[in-house]
Amino acid sequence: MAARKGRRRTCETAEPMDAESRDAGSEGPPQVYLPGRGPPLREGEELVMDEEAYVLYHRAQTGAPCLSFDIVRDHLGNNRTELPLTLYLCAGTQAESAQSNRLMILRMHNLHGTRSPSSEDSDDDEEEDEEDEEERKPQLELAMVPHYGGINRVRVSWLGEEPVAAVWSEKGQVEVFALRRLLQVVDDPQAMAVFLRDEQARVKPIFTFAGHMGEGFALDWSSRVPGRLLTGDCQKNIHLWTPTDGGSWHVDQRPFVGHTRSVEDLQWSPTEDTVFASCSADASIRIWDIRAAPGKACMLTTATAHDGDVNVISWSRREPFLLSGGDDGALKVWDLRQFKSGSPVATFKQHVAPVTSVEWHPQDSGVFAASGADNQITQWDLAVERDPEAGDTEADPGLASLPQQLLFVHQGETDLKELHWHPQCPGVLVSTALSGFTVFRTISV
């Protein structure tokens with residue numbers, strides 16, 4: 001069905017099992033499961049994974065689930081495709097008690113690719129495979145610091161050579177933590193021992209702002225002005241943070257005024273230093289310019305961008321496009337050159353529950369990913385058109401109802417919250433859910 005050269009369109013299920021099947025007791029061929037579009041699973045049926053649809057697939061758990069995380073850019077190089085992979089994450093927990101929460105750095109390494117199904121092996125081959133399996137086991141190192149209160153959102157930035165994380169706490173404050181030491185100790189077992197013994201309990205944020213008067217989720221570092229930060233709360237207010245000499249921040253107490261309900265997400269423009277976008281539970285998306293006074297800074301508004309809450313937005317680094325996801329399950333693409341019209345240039349409806357995360361691919365301008373409360377992660381490509389000569393729809397008529405631009409459906413997670421493309425490892429997606437972290441790359445991207 002995909003007409004784009006080199007792009008394979010796949011709608012697969014993902015569970016950590018060995019084969020693809022929709023019916024454990026059936027003797028017939030396996031069927032593709034289409035959430036919300038085909039019959040529900042019957043008794044005795046189960047979703048299993050087609051490993052041939054994945055180049056890379058790993059899962060990890062950290063104890064308490066993490067509502068939010070960010071990928072830490074590292075010094076291992078860009079455009080890394082050689083396996084095994086190493087990557088670094090910064091995440092925050094949502095534990096059952098406030099004092100049980102942690103801010104953590106994860107180092108995931110020895111991440112090998114999926115293996116093609118093996119044929120029948122001899123005993124010698126089986127022994128070699130066992131040794132090989134041991135060498136291929138993925139590894140995880142964690143450096144954690146105490147955090148009082150659940151962490152709603154985490155975003156990482158580099159201030160020169162200093163990595164920092166901005167953290168939205170459910171207790172109503174936004175904190176900034178230095179990450180250099182945590183990144184050091186996940187690479188060095190001896191340093192980790194010293195850290196655990198002498199330092200871990202004493203780590204404190206380097207800056208805290210409690211002026212929001214309540215909790216929030218929206219948070220974004222500027223990619224163009226190091227240290228410039230936006231934070232938005234559930235009280236409809238947005239505050240601008242400006243870095244000061246000496247590694248601190250000045251937070252403007254005058255909020256940007258415009259939204260009438262909770263500010264759900266914020267995105268700085270990747271091309272203009274002073275422009276940002278916001279979305280809200282009031283169903284609107286707004287474009288702002290900080291050169292104006294906070295009460296007059298809203299320049300453009302689409303009042304009813306979605307039917308209900310607009311949960312997440314992503315500003316493309318390669319095209320003048322803004323991507324949004326809402327409680328209505330819709331994904332919408334907005335051309336900022338036509339934003340005044342109030343109409344998106346594309347709307348996609350595959351998710352059957354609220355969209356929880358969206359992000360443009362960092363290198364491929366037409367590609368994006370989304371996650372939803374329906375436990376789907378979807379991959380899309382705006383450039384794909386259906387090949388009229390392809391026979392996929394004849395083999396499975398259910399596929400004909402899918403949007404042409406839908407490349408891949410990943411399932412198998414529970415209560416999906418957030419996803420990010422790795423900026424240095426093309427095609428690698430990381431997600432967090434109640435069921436833990438998943439790192440994968442599909443054959444489609």
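How many residues does the hairpin from β19 to β20 pass through? Here are some friendly notes, with that answer in point 4.

1. **What you are looking at.** This is a predicted model, in which local features need pLDDT of at least 70 and side-chain atom pairs count only at pLDDT 80 or more, while totals for chains, interfaces and linings use all residues. Residues are numbered from 1 along each chain as its sequence is written, and side-chain values use heavy atoms, with hydrogens and water left out.

2. **The overall picture.** The protein holds 29 strands and 4 helices; strands (E, at least two residues) and helices (H or I, at least four) are DSSP runs numbered from the N terminus. Of its 445 residues, 53% are buried, where buried means under 20% relative accessible area with a 1.4 Å probe, counting protein chains only. The accessible surface is about 19800 Å², and carbon and sulfur atoms contribute 45% of that; these areas come from the Shrake-Rupley method with a 1.4 Å probe. Among contacts (heavy atoms within 4.5 Å) with a separation of 6 or more, 59% link residues 24 or more positions apart.

3. In the model, residues 256-291 are 47% strand and 0% helix, with end C-alpha atoms 12 Å apart. For residues 348-382 the figures are 51% strand and 0% helix, and the end C-alpha atoms lie 10 Å apart.

4. **The β19-β20 hairpin.** To answer the opening question, the hairpin joins β19 to β20 through 5 residues. The two strands, β19 (residues 310-315) and β20 (residues 321-326), run antiparallel and are joined by 5 bridges; strands pair if DSSP finds at least two bridges between them. One place to look is V310, whose bridge partner in β20 is G326. Strand β19 is mostly covered, with 6 of its 6 residues buried.

5. Four strands form an open sheet in the order β3-β4-β5-β6, with antiparallel pairing. Its edges are β3 (66-71) and β6 (139-146), each pairing on one side only. On average, neighbouring strands here are turned by 25° against each other, direction ignored; the axes are lines fitted to C-alpha atoms. Within the sheet, β4 (residues 85-93) and β5 (residues 102-111) share 7 bridges, and A91 has M104 as its bridge partner in β5. As background for viewing, side chains in a regular strand alternate between the two faces of the sheet.

Terms used: Buried means under 20% relative accessible area, exposed over 50%, partly exposed in between (1.4 Å probe, protein chains only). Axes are lines fitted to C-alpha atoms, for helices over the stretch in contact, and angles run from 0 to 180 degrees between N-to-C directions.
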